[in-house]
Amino acid sequence: MAERAATDGGSDPHRLLEGLRAFGANYTEFTRRFAGWLGLHSTDAMALAEILYAEDKGTPLSPARLSERISLSSGATTALLNRLEKAGCVERRREASDRRVVTLRSSPDVRPRAMRFFGPYTAGMEEVMSRYSEAQLNEFREFVTRLGDAMDSLLAHEYHDVEPGTTPGIRPGPDAAP
């Protein structure tokens, strides 16, 4: 389990980033335990969580969008969806007027199980967030969105084609030794 960030005050931005890193590590562990609870591989459970989250927001995912969300190739995502379908966790539906469009939905029997598992997590997060004003939550949302945008930009530009032994943002010139 990830260690807790120090809470003795101060404005060191690295402490805030450490807190975010620790939260991310805990969320990863939470997803791993969800996978074990369902008897799935952790990547499959992460995909299922993304599908459930998108449904909850009213914006179900397509296989292509899921592939982007979990950073898998389309082929690997197809194999993952085949496993989730076989396990009875996911259904692929053609809900749009364009019958080529596939929508991913959680199966009716997996949703109650997921809700039971995620219930304490949701209650805990809601309890913590209830301690903050709407204005504070809006600032947090903006901050986290900007951090995400910065990471997206780094992944798209600085770290896009990083190969072992290379430095992000620095591409070897034509005269560089291999």
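Mentor: Let's start with a term: helices here are DSSP runs of H or I with at least four residues, numbered from the N terminus. Alanine 35, for instance, lies in helix H1. Keep in mind that this is a predicted model.

Trainee: Good to know. Is alanine 35 buried or exposed?

Mentor: Alanine 35 is buried, because its relative accessible area is 1%, and buried means under 20%.

Trainee: And what does alanine 35 touch, not counting residues up to four places away in sequence?

Mentor: Leaving those out, alanine 35 touches Leu40, His41, Ser42 and Ala45. As for alanine 49, it is 14 residues from alanine 35 in sequence, and the two C-alpha atoms are 9.7 Å apart in space.

Trainee: Let me zoom out. How many helices and strands does the protein chain have?

Mentor: There are six helices and two strands. The chain has 178 residues, and 22% of them count as buried.

Trainee: Which residues have the most contacts inside the largest nonpolar core?

Mentor: Those are Phe34, Leu48, Leu66 and Val90, in a core of 24 residues. At least two core residues come from each of H1, H2, helix H3 (63-70), helix H4 (74-86) and H5. H2 gives the largest share, seven residues.

Trainee: What is valine 90 in contact with, leaving aside its neighbours within four places in sequence?

Mentor: Quite a list: Leu48, Ile51, Leu81, Leu84, Glu85, Leu104, Arg105, Ser106 and Ser107.

Trainee: Now for the rings. How many aromatic pairs are there in the whole structure?

Mentor: The search finds nine aromatic pairs. Take phenylalanine 34 and phenylalanine 117: their ring centres are 5.1 Å apart and their planes are at 45 degrees, so this pair is tilted.

Trainee: Tell me more about H5. Where does it bend?

Mentor: H5 bends by about 45 degrees at phenylalanine 118, and proline 120 follows within four residues. With 20 residues at 1.5 Å each, H5 should span 28 Å, and its end C-alpha atoms are 27 Å apart, so the two values agree.

Trainee: Which residues of H5 are buried, and what do they pack against?

Mentor: Val110, Ala114, Phe117 and Phe118 are the buried ones. They pack against H1, helix H2 (42-57) and strand E2 (103-106).

Trainee: Last topic: serine 71. Where is it found?

Mentor: Serine 71 sits in the loop between H3 and H4. Serine 71 is exposed, given its relative accessible area of 64%. Its phi is near 55 degrees, a positive value in a residue other than glycine.

Methods: Residues are numbered from 1 along each chain as its sequence is written. This is a predicted model: local features need pLDDT of at least 70, side-chain atom pairs count only at pLDDT 80 or more; totals for chains, interfaces and linings use all residues. Side-chain values use heavy atoms; hydrogens and water are left out. Rings of Phe, Tyr and Trp (its six-membered ring) pair if their centres lie within 6.5 Å; planes under 30 degrees apart count as stacked, over 60 as edge-to-face and the rest as tilted. Buried means under 20% relative accessible area, exposed over 50%, partly exposed in between (1.4 Å probe, protein chains only). The expected span of a helix is 1.5 Å times one less than its number of residues. The bend at a residue is the angle between axes fitted to the seven residues ending there and the seven starting there. Contact means heavy atoms within 4.5 Å. A nonpolar core is a set of buried Ala, Val, Leu, Ile, Met, Phe, Trp, Tyr and Cys residues joined through side-chain atoms within 4.5 Å.
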